Every structure is written in C-alpha cells, then in structure tokens.
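Biologist: Can you walk me through this model? I'd like the overall layout, then some side-chain detail.

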Amino acid sequence: MTWFTEWAAYLPQMMSGLSVSLLIAGVSIVAGYPLGLILGVMVSAKNLAVRTLALAVVEIGRGAPALVILYLFYYGLPKFGIAFESITAACLALIWNSAAYSSEIMRAGIQSVGRGQLEASSALGLSQTHTFWRVIMPQGMRSAIPGLMGVAIQMFQGTSLAYAIAVPELMKSAYNIGSQDFNYLQIFTLAGLCYAAISMPATWITVFFEKRLARHA
C-alpha cells in the first residue's frame, strides 16, 4: 500500500486525537485570555503586593517550560491531596501558560493607548471604569490581536505535550497507531501534517491581521 492509502486508513483515529487537541487548546485560550487580562491589569497596579503576586504568576508561567508546569499539576499536586485527571491537568497547565503570555501582550496593548485619550476621557467626565472599558480596551486590544493569535497557535502546538501524561490527543493517537506495526515515520509525518493543517492557515490569518492593522494604524 502507498503512504496515502495507509494515511486514509489511519486518519479517523488521528481525527479523534486532533479533536482532543483542539478541545484543550480552546479551553486554554477561552479561560487563559480573561485571566491574562486580569494579570496584565494587576501587573500595572500601584499596590506593590498585587503587582508582585501578578508578576510572580506571569514570570513562572512564561519562564518555566510548559511540560514542567504540566508535570506539577499532574504529578506534583497529588502530594498535597489535589489530584486531577490527565486532560484536566493539561488544560490547567496550558491555561496558566496562555494567561502568562497573553497578559504581557494585553498589558503592552493597554499601555500603547496615548495619554491624551485618558485626559480626553477625564475631561468628558468618564469614570475610570468607563474609561478602561470604552476607551482603553477597544484600542489596546486592537493592537494586541496579532500577538494573541500567535499565542493561540502556540497553545495548539503545545497540546502535543499532553502526550506525556497519556492524554489521548493527536500525538498520543499517533504513537498508539505507530506502536502497532512500528511504522512511526509515516504516522508522525501524518501527525505533523495535521498540526500544519491547523497552524499554517492560522499563521496566514495572523499575518493578514497584522498587515490590516498596520495599514490603518
């Protein structure tokens, strides 16, 4: 049989793993971005204790390898009587990772809003809350969109690490298929193509948005 014929036979099982990868990535993005916004605001807070706590969470999330964070949730927390299923631990680890990276992007976007905008809002009598949500956020998030899309791609690719704790995602599915006849080259090539089929169009969309935003800057 040719590679394409064998790929066609393997694809249904691979799609099952891909759906799990997309689920984990989706959860990490949907939960991680709001948490990242909170952390970004906290890092800019005037209160030293709040700022220090947020910085610690962000720097650990960005500085520690995602695999280490994954192991901490899955193997470390049971030492304290806190145990998670493998897919839950994977989601929590990538949520932390997503929040840490997105917080810096969002904070940079918020800080990119000119001081004149804040002064104009104050002159119009807007409260700090209204100024943040109606003036700062729309402009700050506009410039943060390409970076956040890049983090989303990174989170999807990072789901491959969940294989290390037996989450039935794409890489785990590929390994299970490959172990049946040790035809790993074909299987992992197919897995790579599955990742590329998601990541490459997402990258093109990110570049498109970057060009659009630069054109209207």
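Biologist: What sort of model is it, and how are residues numbered?

Modeller: It is a predicted model, where local features need pLDDT of at least 70 and side-chain atom pairs count only at pLDDT 80 or more, while totals for chains, interfaces and linings use all residues. Numbering starts from 1 along each chain as its sequence is written, and side-chain values use heavy atoms, with hydrogens and water left out.

Biologist: How many helices and strands does the protein have?

Modeller: Eight helices and zero strands. Both are DSSP runs numbered from the N terminus, helices being H or I with at least four residues and strands E with at least two.

Biologist: And what box do the C-alpha atoms fill?

Modeller: Roughly 75 × 50 × 20 Å, taken along the principal axes.

Biologist: How much of it is buried?

Modeller: Buried residues are 36% of the 217 in the protein. Buried means under 20% relative accessible area, exposed means over 50%, and partly exposed is in between, with a 1.4 Å probe and protein chains only.

Biologist: What share of the contacts is between residues 24 or more positions apart?

Modeller: 76% of the contacts with a separation of 6 or more. A contact is heavy atoms within 4.5 Å.

Biologist: On to helix 1 and helix 2. How do their axes cross?

Modeller: Helix 1 (residues 3-43) and helix 2 (residues 48-63) have axes that come within 8 Å and cross at roughly 135°. That makes the two helices oblique to each other. Axes are lines fitted to C-alpha atoms, for helices over the stretch in contact, with angles from 0 to 180 degrees between N-to-C directions. Under 35 degrees counts as roughly parallel, over 145 as roughly antiparallel, 65 to 115 as roughly perpendicular, and the rest as oblique.

Biologist: Which residues meet there?

Modeller: From helix 1, Leu 39, Met 42 and Val 43; their partners in helix 2 include Val 50, Arg 51, Leu 53 and Ala 54. The residues of this contact divide into nine nonpolar, no polar and one charged. Here Ala, Val, Leu, Ile, Met, Phe, Trp, Tyr, Cys and Pro count as nonpolar, Asp, Glu, Lys and Arg as charged, and the others, Gly among them, as polar.

Biologist: Switching topic. How many salt bridges does the structure hold?

Modeller: Three. The criterion is a side-chain nitrogen of Lys or Arg within 4 Å of a carboxyl oxygen of Asp or Glu. Arg 62 pairs with Glu 59, closest N and O atoms 3.8 Å apart, and Arg 62 also pairs with Glu 104 at 4.0 Å. Glu 104 is in helix 4 (residues 86-111) and Arg 62 in helix 2, so this pair ties together parts 42 residues apart in sequence.

Biologist: And the remaining one?

Modeller: Arg 107 with Glu 104, at 2.8 Å, N to O. Both lie in helix 4, three residues apart, about one turn. Shared partners join Glu 59, Arg 62, Glu 104 and Arg 107 into one network.

Biologist: Is Arg 62 buried or partly exposed?

Modeller: Partly exposed, at 32% relative accessibility. Glu 59 is partly exposed at 41%, and Arg 107 is partly exposed at 22%.

Biologist: What does Ser 173 touch?

Modeller: Gln 13, Met 14, Gly 17 and Pro 168, not counting residues up to four places away in sequence.
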